[in-house]
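Here are my notes for you on this structure. Have it open while you read, and go through the points one by one.

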Amino acid sequence: MIIDINFIGLILASIMASAVPLILASCGELITERSGVLNLGVEGMMIIGAISGFALMTVTGSLIIAIVGAMLAGVLISTIFAFLTQTLITNHVATGLALTIFGIGISAMIGKNFVGIPGKEFPVLFEGLKDTIPLLGPILFGHSIVFYFAFSLPFITSYFLKKTKIGLIVRAVGDSPESASNQGINVRLVRYACILYGGAMSGLAGAYLSMIYTPQWIENMTGGRGWIALALVVFSTWNPIKILIGAMIFGGLTIIQFHMQAIGVRIPVQFLTALPYIVTIIVLVVISRDSRKIRLSTPSSLGKSFHKDN
Amino acid sequence: MNTNLKISNVTKIYPGCVANDNVSLEFNSGKIYALLGENGAGKSTLVKILSGVIIPDEGKIYLNENNLKLNSPLDAKKNDIGMVFQHFNLFETLSVFENLIIDSDQQRESLREKIESIMRKYNFSIDLDIPVLNLSAGQKQKVEIIRCLIRSPKVLIMDEPTSVLTEQETSELFLSLKKFSEEGILIIYITHKLKEVMQLCDEVAVMRRGKLVSVSQIKNENLESLATKMVGQNLKTIKKKKANTASDQLIKITNLNFISEDPFETNLSNINFSVNRGECLGIAGISGNGQSELFQVLSGEILSDKNSIEFNKNYIGDLNPQERREYMVAFSPEDRLEQAAVPQMKIFENVALNNFKSSNFFNNGLINEKKIRKHSKKIISDFNVNTDNIDLKSQFLSGGNLQKLIMGRELITSPDLLICFNPTWGLDVGAINYIHETLVNINEQNKSIILISTDTDELLKLSDKISVIHKGKLSKIMNADEVTSEKLGILMGGGN
């Protein structure tokens with residue numbers, strides 16, 4: 001059997017495409033967590049982004065309004081989280097879980113009228129270059145702008161955290177909000193900003209699902225990707241580059257197990273479906289074993305409420 | 001140029017307590033000022049007001065006749081007031097340089113040059129590119145000082161700076177402070193240690209219960225006069241009798257090792273010592289050198305080899321704390337509110353946690369509240385805990401009262417051995433005195449003590465034998481009357 005080299009290229013491209021929402025949501029959540037806030041509402045924010053993007057696209061017909069609107073919807077719902085956890089000092093975990101339940105519920109409600117409506121084609125870039133290079137062509141070219149953004153995001157995030165002043169302030173707040181506050185840093189402001197940014201990225205991840213990846217609205221269409229994004233952040237030990245690796249492995253195994261099921265490999269389907277979850281976590285645990293580095297990159301104040309006491 | 005700092009009629013009231021009651025003070029550059037007082041005297045509140053962390057209810061601050069509005073730490077920085085807090089304000093996981101650049105507007109290169117020139121000038125040597133958590137307490141403090149010096153402050157406030165330092169580091173710090181003072185920086189030094197005031201300062205202001213008690217020249221004062229002013233009464237002096245050297249051996253530790261998986265714990269290697277009946281063994285050291293691990297191994301929070309701990313002819317190395325208690329060993333951990341007591345639980349419930357088979361606190365799985373209450377009341381009266389209410393949650397007890405309660409709970413069964421870790425940490429002089437008295441009494445009843453402490457004076461006062469722990473290793477065991485605090489200081493720093 002001769003396998004067409006471009007076919008492999010196409011498979012790899014589909015793996016990358018399935019990794020996009022994970023990368024976006026994880027990199028957003030990573031910034032939130034680096035500032036010391038644990039937002040378990042990623043799944044909820046993603047699904048809100050998905051329905052908002054799809055609904056706005058259908059209603060206005062404008063892709064730009066839809067994408068920006070989905071991000072704003074993510075920001076809006078994360079503002080609720082920020083207000084509760086930062087201003088009213090509620091528990092991060094409980095509030096985040098509530099956010100997810102809220103997001104899934106409200107998206108189903110809004111989405112009722114959008115079930116079964118076909119999506120719109122999303123423009124892709126560099127379509128013409130696809131066939132110019134074997135193997136690499138389909139991988140590099142012919143994708144949406146969100147795809148390119150997602151694959152540059154881990155590097156941008158890494159640069160932001162390591163090299164910029166604001167990145168340093170985010171890390172400092174996550175390390176010790178008390179010290180940061182005593183240094184005159186407005187901890188609440190920094191945390192609000194990081195939560196809202198995380199919301200925007202989750203919203204974008206959701207919009208990618210409903211507008212580009214499978215352009216239609218299906219109830220509960222994020223299908224647990226928000227939880228995987230959360231797990232990626234932790235198991236990558238808050239390292240954006242490792243998030244990229246983890247998301248690729250997860251996406252890869254998801255696609256490959258589909259193909260294996262299609263070919264009819266004699267492995268129980270349940271095991272194949274569980275495979276991406278298991279392998280991703282094992283790989284990330286193995287590549288992040290240095291406990292010293294874990295300590296250095298773990299935000300010490302993660303999930304702890306902070307309020308100035310005077 | 002001369003700097004003049006004036007605090008005028010400052011008052012700060014918290015619910016149930018007046019932290020600063022109409023305090024007025026004046027400072028001039030060229031001198032080192034001590035602000036002396038016990039815990040809770042209001043000195044920390046006052047300096048937090050000066051550094052913008054706390055906003056006073058009333059009163060004004062003047063720097064060179066200008067009325068300062070200090071609404072945030074940023075305002076204090078802008079007005080050239082630098083402060084080194086007792087609990088460091090550093091970001092442990094960031095590098096030293098990142099810690100220093102975070103609140104600076106300068107470019108990386110020029111800031112690095114400036115930091116290096118400051119380090120050369122004052123003989124500091126710190127690697128700027130390693131994370132702060134790898135530094136010793138003394139080095140961390142230097143980073144804090146550098147952070148202040150970058151801004152060329154007019155005023156430098158040091159809050160209890162020596163509580164984490166060795167003797168050597170302390171004398172280095174004093175040299176630096178004197179140098180800063182000569183260069184025209186006004187220094188305010190907050191402490192409750194009288195010796196340091198005598199050694200370092202030119203003038204001393206004493207605070208008690210939020211009020212300013214006196215301001216005087218150091219040359220007109222001595223240790224006793226300052227102590228009386230600080231406490232408000234004369235303290236009785238505690239004298240320890242020498243232990244009977246010919247008594248039996250009670251506990252023997254042989255080849256005890258502990259290897260931790262956590263990189264922020266210290267490994268213990270080859271610990272050997274023994275304690276006789278009626279004896280107090282002091283273990284000195286700078287915090288973080290394995291004291292907490294040693295305490296946990298001795299208490300059974302960390303289990304070890306069965307034969308490594310021999311107590312009263314039983315091998316107990318593999319027993320948990322509860323089982324060890326049955327052999328009449330008692331424990332008083334360092335962290336009163338996390339390890340020794342449950343903060344949200346009531347006093348009598350905390351008492352019940354220390355449950356012996358013989359104490360019958362529980363009948364068929366039910367709590368025998370009457371019995372526990374009676375027992376708790378006895379502890380409270382026997383050990384001078386200043387409350388009548390055994391239904392009070394333990395988090396609302398002051399440090400001194402909580403320590404008395406814990407000691408009482410441990411000692412009421414008259415155990416053969418008490419293992420305590422920094423029993424007087426953070427307590428005021430009165431409570432320290434009481435705890436010391438209690439410890440001396442234990443020895444007089446021919447019971448033994450292992451006292452792990454970072455307070456050298458305390459160890460010299462109470463121990464019969466002293467050893468020093470450094471990086472998880474014990475020094476040889478010395479007789480307390482042959483040791484001086486200087487010698488301990490050298491051993492604590494890793495010297496010979």
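1. Where is Trp238(A) found? Trp238(A) sits in the loop between α10 and α11 (240–263) of chain A. (Helices are DSSP runs of H or I with at least four residues, strands are E runs of at least two, and both are numbered from the N terminus.) Have a look at the backbone here: Trp238(A) is not a glycine, yet its phi is positive, about 55°. Trp238(A) counts as buried because 24 C-beta neighbours lie inside 10 Å. (Buried means that 20 or more other C-beta atoms lie within 10 Å of the residue's own, exposed means 12 or fewer, and partly exposed is in between; C-beta atoms are placed from the backbone.)

2. Before going further, a word on the model. It is a predicted one: local features need pLDDT of at least 70, side-chain atom pairs count only at pLDDT 80 or more, and totals for chains, interfaces and linings use all residues. Residues are numbered from 1 along each chain as its sequence is written, while chains are lettered from A and ligands numbered from 1 in the order in which they are written.

3. Staying in chain A, find helix α1 (residues 5–34) and helix α10 (residues 225–235), which pack with their axes 8 Å apart at an angle of about 55°. (Axes are lines fitted to C-alpha atoms, for helices over the stretch in contact, and angles run from 0 to 180 degrees between N-to-C directions.) So α1(A) and α10(A) are oblique to each other. (Angles under 35 degrees count as roughly parallel, over 145 as roughly antiparallel, 65 to 115 as roughly perpendicular, and the rest as oblique.) The crossing is right-handed. (Two residues are in contact if their C-beta atoms, placed from the backbone, lie within 7 Å.)

4. Now try another pair in chain A: the axes of helix α3 (residues 63–87) and helix α4 (residues 92–111) come within 10 Å and cross at roughly 155°. That angle makes α3(A) roughly antiparallel to α4(A). Among the residues in the contact are Ile77(A), Ile80(A) and Phe81(A) from α3(A), with Gly96(A), Leu99(A) and Gly103(A) from α4(A). The crossing of α3(A) and α4(A) is right-handed.

5. Is Ala55(A) buried or exposed? Ala55(A) is buried, with 22 other C-beta atoms within 10 Å. Ala55(A) belongs to helix α2 (residues 42–60) of chain A. Apart from neighbours within four places in sequence, Ala55(A) is in contact with Ile110(A) and Phe114(A). Phe114(A) is 59 residues away along the chain, but the two C-alpha atoms are separated by 7.0 Å.

6. Over to chain B, which has 17 helices and 23 strands.

7. One open sheet in chain B has 6 strands in the order β6-β7-β8-β3-β9-β10, with mixed pairing. (Two strands pair if DSSP finds at least two bridges between them.) The edge strands are β6 (81–84) and β10 (211–217) of chain B, each pairing on one side only. Strand β3 (residues 32–36) runs parallel to strand β9 (residues 203–208) of chain B, and 4 bridges join them. Leu36(B) has Val206(B) as its bridge partner in β9(B).

8. Finally, look at the open sheet of 4 strands in chain B, ordered β12-β11-β14-β15 with antiparallel pairing. Its edge strands are β12 (268–276) and β15 (314–315) of chain B. Helix α9 (residues 291–299) lies across β11 (249–258) and β12 of chain B, at about 60° to β12(B). In strand β11 of chain B you'll find Asn255(B), which is not a glycine but has a positive phi of about 45°. Asn255(B) is exposed, with 12 other C-beta atoms within 10 Å.

Definitions and conventions. Left-handed = near helix turned anticlockwise from the far one by under 90°.
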